[in-house]
Amino acid sequence: MRLNWGAVAIGGIAGIGSAVLLSVPIRLLAGTSGFGPLALLILAGFAGQMIGGYVAGRFAGTEQAAHGGLAALLSYLVTAAIAIATGQEPPITTLVFSGVVALVLGSAGGVLAAAHQRRA
């Protein structure tokens with residue numbers, strides 16, 4: 001299997017961008033305190049990872065699930081590195097579990113891209 005790193009990079013950028021676009025209205029309207037806004041922000045991150053996987057899968061051509069998973073993992077690693085650099089200290093188990101979730105959601109986005117390409 002040969003990876004298209006351009007597709008992975010574009011998917012990673014799309015994942016970060018879409019998560020940011022989804023989380024801005026949540027922060028403005030609901031704030032950051034309480035469980036409700038936090039749950040919505042987490043869902044926005046999950047949606048961003050799936051969108052990033054879908055975009056990577058669309059650009060990949062073949063092996064859409066692998067490209068989608070790597071794109072979502074890339075976007076997660078960038079956001080986790082930013083969080084750690086800004087002083088947050090999540091437990092290692094949280095980091096690993098969240099990375100696995102990103103990989104799964106990105107792969108699902110890549111599978112959706114493959115299904116969409118088969119239908120077209």
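The legends below describe close-up views of a predicted model.

**View 1. The largest pocket and the residues at its centre.** About 1,100 Å³ of space lies in this pocket. Its lining is made up of 30 residues. Leu 41, Ile 42, Gly 45, Thr 79 and Ala 83 are the ones that lie nearest the centre.

**View 2. The lining of the largest pocket by element and by class.** Two or more lining residues come from each of the helices α1 (5-30), α2, α3 (64-85) and α4 (92-119). Sorted by class, the lining of the largest pocket holds 18 nonpolar residues, 11 polar residues and one charged residue.

**View 3. A nonpolar patch on the surface.** The patch is formed by Leu 38, Leu 40, Ile 42, Leu 43 and Phe 46. Together these residues have about 440 Å² of accessible area. Ile 42 belongs to this patch and is also among the residues nearest the centre of the largest pocket.

**View 4. Leu 38 in helix α2.** Helix α2 covers residues 35-60 and contains Leu 38. The relative accessibility of Leu 38 is 43%, so the residue counts as partly exposed. Leu 38 is one of the members of the nonpolar surface patch.

**View 5. Ala 115 and Gly 15.** Ala 115 is located in helix α4. Ala 115 and Gly 15 are 100 residues apart along the chain, and 19 Å separates their C-alpha atoms.

Definitions and conventions:
Residues are numbered from 1 along each chain as its sequence is written. This is a predicted model: local features need pLDDT of at least 70, side-chain atom pairs count only at pLDDT 80 or more; totals for chains, interfaces and linings use all residues. Side-chain values use heavy atoms; hydrogens and water are left out. Patches are made of residues with over 30% relative accessible area and no salt bridge: like charges are joined within 9 Å, nonpolar side chains (Val, Leu, Ile, Met, Phe, Trp, Tyr) within 5 Å. Accessible areas come from the Shrake-Rupley method with a 1.4 Å probe; for residues, only the protein chains shown count as cover. A salt bridge is a side-chain nitrogen of Lys or Arg within 4 Å of a carboxyl oxygen of Asp or Glu. Helices (H or I, at least four residues) and strands (E, at least two) are DSSP runs, numbered from the N terminus. Buried means under 20% relative accessible area, exposed over 50%, partly exposed in between (1.4 Å probe, protein chains only). On a 1 Å grid over the protein atoms alone, a cavity is a set of points where a 1.4 Å probe fits but cannot get out, and a pocket is an open set with protein on both sides within 12 Å along at least five of seven lines; lining residues have an atom within 4 Å of a point. Grid points are joined across faces, edges and corners, and a volume is the space filled by probe spheres set on the points. Ala, Val, Leu, Ile, Met, Phe, Trp, Tyr, Cys and Pro count as nonpolar, Asp, Glu, Lys and Arg as charged, and the others, Gly among them, as polar.
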